[in-house]
Amino acid sequence: PPQPTRKTLLPVPHRLMGIQGLTRLIGDHAPEAMKTDKKIDEYFGRKIAIDASMAIYQFLIAVRQAGGEGQLTNEAGECTSHLTGMFYRTIRMLESGVK
């Protein structure tokens with residue numbers, strides 16, 4: 001069989017990732033669940049779902065836009081700032097009473 005090339009090892013485009021049609025399904029059957037303009041305090045006592053892949057991606061982009069300045073890394077030199085960002089975001093949600 002042919003050897004995989006760098007081109008064949010690239011990740012699947014974002015539009016093909018995740019659960020296809022989930023946003024439409026939730027919007028059709030539970031539109032009140034699609035609120036994105038609320039402050040975290042407004043979710044006190046509620047269970048919420050977070051798209052972790054998008055949240056982590058946001059942190060990675062933020063670090064890149066800052067030019068890598070202040071970037072946290074592990075012993076191998078790999079960026080770990082996105083993990084710290086998720087950790088502190090989770091703490092903020094818990095402190096705000098989100099379950």
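User: Is Thr23 buried or exposed?
Analyst: Thr23 has 55% relative accessibility, so it counts as exposed. Buried means under 20% relative accessible area, exposed over 50%, and partly exposed in between, with a 1.4 Å probe and protein chains only. This is a predicted model, where local features need pLDDT of at least 70 and side-chain atom pairs count only at pLDDT 80 or more, while totals for chains, interfaces and linings use all residues. Residues are numbered from 1 along each chain as its sequence is written, and side-chain values use heavy atoms, with hydrogens and water left out.

User: Where does Thr23 lie?
Analyst: Thr23 is in helix H1, residues 22-29. Helices (H or I, at least four residues) and strands (E, at least two) are DSSP runs, numbered from the N terminus. From C-alpha to C-alpha, Thr23 is 8.3 Å from Met34, and the two are 11 residues apart in sequence.

User: How many helices and strands does the chain have?
Analyst: Three helices and zero strands. The order from the N terminus is α-α-α.

User: What share of the residues is buried?
Analyst: 13% of the 99 residues count as buried.

User: At what angle do H2 and H3 pack?
Analyst: About 125°, with the axes of H2 (residues 52-65) and H3 (residues 81-95) 8 Å apart. Axes are lines fitted to C-alpha atoms, for helices over the stretch in contact, and angles run from 0 to 180 degrees between N-to-C directions. H2 and H3 are therefore oblique to each other. Under 35 degrees counts as roughly parallel, over 145 as roughly antiparallel, 65 to 115 as roughly perpendicular, and the rest as oblique.

User: Which residues make the contact?
Analyst: On the H2 side they include Ala52, Ile56, Phe59 and Leu60, and on the H3 side Ser81, His82 and Arg89 are among them. Contact means heavy atoms within 4.5 Å. By type, the residues where H2 meets H3 are seven nonpolar, four polar and one charged. Ala, Val, Leu, Ile, Met, Phe, Trp, Tyr, Cys and Pro count as nonpolar, Asp, Glu, Lys and Arg as charged, and the others, Gly among them, as polar.

User: What does His82 touch?
Analyst: Not counting residues up to four places away in sequence, His82 touches Ile56, Phe59 and Leu60. His82 and Ile56 are 26 residues apart along the chain, and their C-alpha atoms are separated by 5.6 Å. His82 lies in helix H3, and counts as buried because its relative accessibility is 13%.

User: And Thr80, where is that?
Analyst: Thr80 is in the loop between H2 and H3. At 17% relative accessibility, Thr80 counts as buried. Leaving aside neighbours within four places in sequence, Thr80 is in contact with Leu72, Thr73 and Asn74.

User: Different topic. How many aromatic pairs does the structure hold?
Analyst: One. Phe87 and Tyr88 form an edge-to-face pair, 5.3 Å centre to centre with 75° between the planes. Rings of Phe, Tyr and Trp (its six-membered ring) pair if their centres lie within 6.5 Å; planes under 30 degrees apart count as stacked, over 60 as edge-to-face and the rest as tilted.

User: Is Tyr88 buried or exposed?
Analyst: Tyr88 counts as exposed, at 53% relative accessibility.
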